[in-house]
Amino acid sequence: MADVHVRIGEYRKSYHTDSACPHLNGKQKTYGGQETMPEARAQEMGLTSCRSCKR
Ligand SMILES: [Zn+2]
């Protein structure tokens, strides 16, 4: 299973397959960085797949 990218900080509700996704890097005021984890782990945390990312 592929690793996905997750935003650190607020607005952390989805995970991204594209590390350059604007939803992952946007809202700089609350942006705390990003981390990479297996997709299964992100789903365990209740995160959903980002609709903007190309899969
Ligand atoms: Zn995305």
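The following dialogue works through the fold of this predicted model.

Colleague: On what conventions does the description rest?

Modeller: Residues are numbered from 1 along each chain as its sequence is written. Because the model is predicted, local features need pLDDT of at least 70 and side-chain atom pairs count only at pLDDT 80 or more, while totals for chains, interfaces and linings use all residues.

Colleague: How many helices and strands does the chain have?

Modeller: Helices (H or I, at least four residues) and strands (E, at least two) are DSSP runs, numbered from the N terminus. Here there are 2 helices and 4 strands, and along the sequence they follow the pattern β-β-α-β-α-β.

Colleague: In what order do the strands lie in the sheet?

Modeller: Two strands pair if DSSP finds at least two bridges between them. The 4 strands form an open sheet in the order 3-1-2-4, with mixed pairing. Strand 3 (31-38) and strand 4 (48-49) are the edge strands, each pairing on one side only.

Colleague: In which sense does strand 1 pair with strand 3, and which residues stand opposite one another?

Modeller: Strand 1 (residues 3-9) pairs with strand 3 in the antiparallel sense over 6 bridges. Within this pairing, histidine 5 stands opposite threonine 36, and glycine 9 has tyrosine 31 as its bridge partner. Strand 1 also pairs with strand 2 (residues 14-16), again in the antiparallel sense, over 2 bridges. There, valine 6 stands opposite tyrosine 15. In a regular strand the side chains alternate between the two faces of the sheet.

Colleague: Which residues make up the largest nonpolar core?

Modeller: A nonpolar core is a set of buried Ala, Val, Leu, Ile, Met, Phe, Trp, Tyr and Cys residues joined through C-beta atoms within 7 Å. A residue is buried if 20 or more other C-beta atoms lie within 10 Å of its own, exposed if 12 or fewer, and partly exposed in between, with C-beta atoms placed from the backbone. The largest such core has 5 residues: Val4, Val6, Tyr15, Ala42 and Cys50. Buried residues make up 16% of the 55 residues in the chain.

Colleague: Which residues does valine 4 touch?

Modeller: Contact requires C-beta atoms, placed from the backbone, within 7 Å. Leaving aside residues up to four places away in sequence, valine 4 touches Tyr15, His16, Thr17, Met37, Glu39 and Ala42.

Key
Two residues are in contact if their C-beta atoms, placed from the backbone, lie within 7 Å.
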